[in-house]
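I set out to record what I looked up in this structure, entry by entry. The entries follow the order in which I consulted it.

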Amino acid sequence: MHGVDVDGQGRCAHWHSERDVVANTCGECEKLWACSLCHDELADHGFVPVDRQLPSVMCGACGRMMTYAEYGASCPSCGHPFNPGCKAHEDVYFRPVR
């Protein structure tokens, strides 16, 4: 997982609460990033959202890859809770529904 000051579960310099353990895939470089702000600081291109059908979200607690539909309030594998505020940024990480 890429980012700025990323810990073992994916918390970064920008988002570091107990629930900030999700990494998202950039559609351009196809790397997992702790957040889009980390990506934009370190990559040579802007963060590109991905198709909602692709497994592009990773739980930092257990490593489970998820699609948009599987990504909810907590990890479907280990149950670790996710930050509910991340929903406000879904348009950054996922392409709009057509």
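Entry 1: I took buried as under 20% relative accessible area, exposed as over 50% and partly exposed as in between, with a 1.4 Å probe and protein chains only.

**Entry 2: the basis.** I noted that this is a predicted model, in which local features need pLDDT of at least 70 and side-chain atom pairs count only at pLDDT 80 or more, while totals for chains, interfaces and linings use all residues. Residues are numbered from 1 along each chain as its sequence is written, and side-chain values use heavy atoms, with hydrogens and water left out.

**Entry 3: Phe 94 and Arg 52.** I listed the contacts of Phe 94 (heavy atoms within 4.5 Å), not counting residues up to four places away in sequence; among them are Asn 24, Pro 49, Arg 52, Val 57 and Tyr 71. I then turned to Arg 52, which lies in the loop between H1 and strand S3 (57–59). Helices (H or I, at least four residues) and strands (E, at least two) are DSSP runs, numbered from the N terminus. Is Arg 52 buried or exposed? Arg 52 counts as buried, because its relative accessibility is 14%.

Entry 4: I found four strands in an open sheet, in the order S2-S1-S3-S4, with antiparallel pairing. Two strands pair if DSSP finds at least two bridges between them. The edge strands, each pairing on one side only, are S2 (32–33) and S4 (65–66). S1 is joined to S2 by two bridges and to S3 by three. I noted two bridge partners: Asn 24 with Trp 33 in S2, and Val 22 with Cys 59 in S3. In a regular strand the side chains alternate between the two faces of the sheet. In S1 both faces are covered, as Val 22 and Asn 24 on one side and Ala 23 and Thr 25 on the other are all buried.

**Entry 5: the hairpin.** S1 and S2 form a hairpin with six residues between them, and Glu 30 in the turn has a positive phi of about 60°. Cys 26 is in the loop between S1 and S2. I recorded Cys 26 as buried because its relative accessibility is 0%. Cys 26 and Tyr 93 are 67 residues apart in sequence, yet their C-alpha atoms are 7.4 Å apart.

**Entry 6: His 80.** I located His 80 in the loop between S4 and H2. His 80 is buried, since its relative accessible area is 13%. Beyond residues up to four places away in sequence, His 80 touches residues including Gln 9, Glu 18, Ala 61 and Cys 75.
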